[in-house]
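Please look at the sequence and the structure shown below before reading on. The report that follows describes how the parts of the structure meet.

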Amino acid sequence: MISLMLALQSVLAAGAARQQSVLRPAGPQADSAARLWWIAFWIAAAVYAITIGTLLWAAWRAHRRVRTGAQPPSSAERTMRRAVGGALGVTVAILLVFISYDIGAGRSLLAPSRSNYLTIHVTGHQWWWEVEYADTLPHDRVTTANEIHIPVGEPVRVELSAHDVIHSLWVPELAGKRDLVPGYHQAVWLQADTAGVYRGQCAEFCGLQHAHMALYVIADPPDRFQSWLASQRQPAPAPGDSVAARGLRVFLGAQCPLCHSIAGTPAYGNVGPDLTHLASRNTIAAGTLANTRGNLGGWITNPRSIKPGTTMPPSQLEPRDLQALLAYLETLK
Amino acid sequence: MRTERRVLDVGDLPDFVFGHRDLMWWGTLGFMVIEGTTLILAMVSYLYLSKNFDSWPPYGTPEPSLGVPIAQLVTMAVSVPVLMWLQSRAQHFDLRRVRWGLLVATLFNTAFVVLRWYELAALNVKWDTNAYGSAQWLMVLAHATLLLVELLEVAGMAALFWMGPVEKKHFSDVADLAFYWYFMVGIWVPIFVLAYLLPRWL
Amino acid sequence: MNPARRFEVVPVQAGTHIPVKAEPAASREAGPADVAELECTYRPPTGVWGWLTTVDHKSIGKRYIATAFLWFLLAGINALLMRLQLVRPENGLFGPDAYNQLFTVHGTAMMFLFAVPIMEAFSLYLVPLMVGTRNVAYPRLNAFGYWVFLIGGLLLFTSFYLNTGPDTGWFAYVPLSGPQYAPGKRVDVWAQLVTFTEIAALVASVEVIATVFKQRAPGMKLNRIPLYVWSVLVVSFMVIFAMPAVAMASTMMLAMDRLVATHFFNPAEGGDALLWQHLFWWFGHPEVYIMFIPGLGFVSEIIATFSERPIFAYPLMVLALITTGVVAFGLWVHHMFAAPLSLMGRSFFTATSVFIAIPTGTQIFCWIATIWSGRPRFTTPMLFAIGFIVVFVIGGLSGVMIASVPFDLQVHDTFFIVAHFHYVILGGVVFPLFGAFYYWFPKFTGRMLSEKLGKWHFWTFFIGVNATFFPMHILGLDGMPRRVYTYLPETGWGGLNLLATVGSWIIAVSVILFLLNVLRSWRRGAVAGDDPWRAATLEWAASSPPPTYDFADIPVVGSRTPLWSSADLPVATGLRSDRREVLVTTVLDAAPDNRHEHPAESIWPLVMALAMGVTFIGAIFTPWAYVVGFVLAGIAFAGWAWPRGVKPEEQLRPTWVDRAS
């Protein structure tokens, strides 16, 4: 029986989406929630089948009695009292079982007992994620956007704050969501037990582009993670050729530095995402587009055609300037 | 249509009564509960917001003054026995005394409203200074709406008793008015404590 | 039966007062009411003036139901459009601004303008008939409540069709709905919409409580009132304790933050974004039970009638209703599990949210027992009652699941939640509501709805609801958040969204079938007679439709099922026919206590509602509207309250009174 249920379960789970699915847990919290789901699902299915089955059976029985002219049994009242009382008792018992299991599952939400852990600050903006890797040395802090890299197998503490309105950080395959509320700080623990790329999405309605506020959590083996972190700590390289140099001049001369920063250049705007390592990211515009030259060019030219309502204004760049800018941005690995 | 079978005759029942036997009393009670719930929620919100501050009032905001609020409390306290007298006169259908009592009640209510205006200033903070100020104004102004609505009622009732066609049931309405008065005054006491005393104690 | 009693007048001291005594009933022989005179006393003015001034709870109830249903249709069209936008990934039918207005107005209208008001409207029609009186306790207040409701609905939909509809969701979380991130007047429209509907709801609740407590038929003790009346009584108390929270939060706090720069929700000045959530959900959770509990009442009446026996275990059913109503106030934080709150606190709300399944489950078990031991007839109302159980229990079970914090943290704000609440709302509110339509339509109009069309309606609705919302459970588990105007193709959500959209068309077809049924049957349906269903409760003793005065003589009851207990109708005579009198009885035992005169038609409720309209719509733009409004309300109040039609012999003249008094 159990193996039949488990088999059915894996069939159902296999139909789950390829990404961002609650039923494909890759971390302990998501795993705990998924297990709770399956227990609850089977209990609910059984309760439903029995309740509706009894309802339909009762209706059919009584209807048959009406047709044959029979009377309900003389002990009907007593039978019903016992049945209702029994059903109530069973209901209470099932609910108590559910609550007990839930308390156990709730333990997964508590902080793990560790003394040293990675801390990441995530700040929600309309409509992108600011990600900062904390460090006691300011020089070693890393600022990026819309992508969080973590080492596999370790719990990572993510501290959440909001810049403008309420957002919610949700990476279903790793953990449940937590709201980012202006005026409040709360922390969530993320842990991935398998290396991979996990998609998440803002889960609290935050305005016009709530639908396009995704992020990626990339879990790497510890050494790959450390090398990523080390490269992120570097400032942007100086432009290698004349096209890239022209691109940097275009960047600095246009409105870009008002909002964006590139470490190692005079641009230090902090309204929009940090672009120092833009080319190392897989997506742009908070997970909306793949990070290709064509997409980036289209985004820079007219962001509002892709994300209507976004703060980033369109730009009027000459085609050669745009190409130079794109060439420069491609060097920001 | 089913045949009717007469089993009861209610023709000699009175057609005016006082207190909870009267249908209108229940409407008054209903509105008291609604308004009371609203004011309690305003008080709870005030207390909730206080957790966001290290000091109450916040640093830089002066404490409320007590002079006018105490005068208001005294005026309200004095009005209560007057309204109790008015209620009793109404229950005795004493038209002449009820007329004068309603005028006095109107004066009291006007005094409440005027004093309330100065009580707002006595808060020593504006509604848009900070959340403390907003919460203070909310409680005090929300209660002020009770005073204003009751002023309309008592003035209207006074006008009716002096100028209009008075019926027996209007005496019951006067008694209900007194009932509401006690609530209006009573619910002010915890608000007074929260608005004018708490910031001075903390 | 009690013998005729004589009641003393209110005792007064001799010599110091104007002597008063009960007005004797005109032409006082102890006989039944003079029906012709009653007809004349209650005859409303004709034409438009009659329509504007009516105080008849049945007229008001019917138009209230029709208006609420209109908002349902309009909000439903929003839903069809939303589903069209989501039918495939990256669809371009609506941009984010239009879509945000679509879903906000859909939710706001369904919750504030349809679900609660239509339940209230039914209660305003049915309660006086079911408890055996002639009208609700405050007839003019009732009219006022309807006009205020109408103004609110017009405000919302006019704004929406003019592209200034609210767009921050039906619960308008701050700071998104605050002055900084929601410029313009859209959210102010929302805040005042809440004001209008909240006033209407509170009015209806006061009416129900006063009518049920004080105007019941003699002998209808509290433990003899119909289960439906219990359900709306419980709900009326809930409204009184819940609605002020949202009214205060929206009108007094959010609107003020936006209009006059208060800082209730501004963290920079000590305000708090979570204060909004606490206040809103303190209202919001009871709100969904306010919608749902009257449906439970409908189902009890329908199942009893069509099983030809009273509902099993009446005291347990009443206890279940009261428990549900009370416990509903202890659940609100389960809407905030993802917010920064203490983990310990959350567990309490898990427990209460799970616990509330018990009283509802109890009712379901009692209904099953009733059907089993009864003689069921599967008419359309009965199908909807059974369909309610089949659909609602799915929503109830998913509700227990999301009471768990770890699980809710995964599915909160996803389409799993959308599935859950549509199952409990469509299952728990709309199925019983359609059942109630089919059941009481004959009483309202004197004609039967078509059973054949009714069954088609039922089955298409049943299939449509499941086809639309079951896939959404899966979409939520697949990671699809709520309130997104589009989604990327690589998410894989397109297939199930397509299925849901097709399901929505099936629902639309079923609603069209219902409208056709109503339109056809209104004038040409089979004539119903007083009691086509052979039911037990008092409303079926009146004619279909009932006369303006409901009952010529007030019924007297001796059981929970008066029409099944005796073939004739025991009545109490003695109320005057030359004025609109109702019998006021005691709260617990419904012993006759006094007679009360109800007012006749009046234009002042409409005038007062217009004054409220000017005030609160003006308040969208300026706080000075409250000052102007106060003056207008004062004028309307004077008109309303000033006595008219007082006969000279009833007026009192002052006399000098003894000093000793």
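The sections below take the interfaces in turn.

## The model

What is shown here is a predicted model.

## Chain C with chain B

Between these two chains, 97 residues of chain C are in contact with 71 residues of chain B, and the area buried between them is about 7,600 Å², with carbon and sulfur atoms giving 64% of it. Sorted by class, the side of chain C that touches chain B holds 56 nonpolar, 21 polar and 20 charged residues.

The interface of chain C and chain B has 4 salt bridges, and one of them joins B:Arg21 to C:Asp593, whose closest N and O atoms are 2.8 Å apart. There are also 27 residue pairs in polar contact between chain C and chain B, counted where both residues have pLDDT 80 or more. Several elements of chain C give two or more residues to this side, including helix H6 (186-214), helix H8 (273-307), strand S3 (581-585) and helix H19 (625-641), while the largest share, 8 residues, comes from H7(C).

## Chain A with chain C

Here 85 residues of chain A are in contact with 77 residues of chain C, and about 6,700 Å² is buried between the two chains, of which carbon and sulfur atoms give 72%.

How many salt bridges are counted between chain A and chain C? The count is 1 salt bridge, and C:Arg309 forms a salt bridge with A:Glu77, the closest N and O atoms being 3.5 Å apart. Across the same interface there are 18 residue pairs in polar contact, with both residues at pLDDT 80 or more. On the side of chain A that touches chain C, two or more residues come from each of helix H2 (28-68), helix H3 (76-106), strand S7 (178-180) and strand S9 (196-201) of chain A, and H2(A) gives the most, with 21 residues. By class, the residues of this side of chain A are 51 nonpolar, 22 polar and 12 charged.

## The two domains of chain A

Chain A is divided into domain 1, residues 13-221, and domain 2, residues 242-329, and the C-alpha centres of these two domains lie 37 Å apart. In domain 1 of chain A, 17 residues are in contact with 18 residues of domain 2 of chain A, and the two domains bury about 1,300 Å² between them, 52% of it on carbon and sulfur atoms. The residues of domain 1 that lose the most area to domain 2 are A:Trp128, A:Glu147 and A:His212, which together account for 32% of what that side buries.

Between domain 1 and domain 2 of chain A there are 0 salt bridges, but 7 residue pairs are in polar contact, both residues being at pLDDT 80 or more. Strand S3 (142-145) and strand S10 (214-220) of chain A each supply at least two residues of the side of domain 1 that touches domain 2, and the residues of that side divide into 8 nonpolar, 7 polar and 2 charged.

Definitions and conventions: Residues numbered from 1 in each chain as written. Chains lettered and ligands numbered in written order. Predicted model: local features only at pLDDT ≥ 70, side-chain atom pairs only at ≥ 80, totals over all residues. Heavy atoms only, no water. Contact = heavy atoms within 4.5 Å. Buried area = accessible area lost by both parts, 1.4 Å probe. Salt bridge = Lys/Arg side-chain N within 4 Å of Asp/Glu carboxyl O. Polar contact = N/O pair within 3.5 Å; in protein donor to acceptor, adjacent residues only side chain to side chain. Helix = DSSP H or I, 4+ residues; strand = E, 2+ residues; numbered from the N terminus. Nonpolar A, V, L, I, M, F, W, Y, C, P; charged D, E, K, R; others polar. Domains from an automatic or database assignment.
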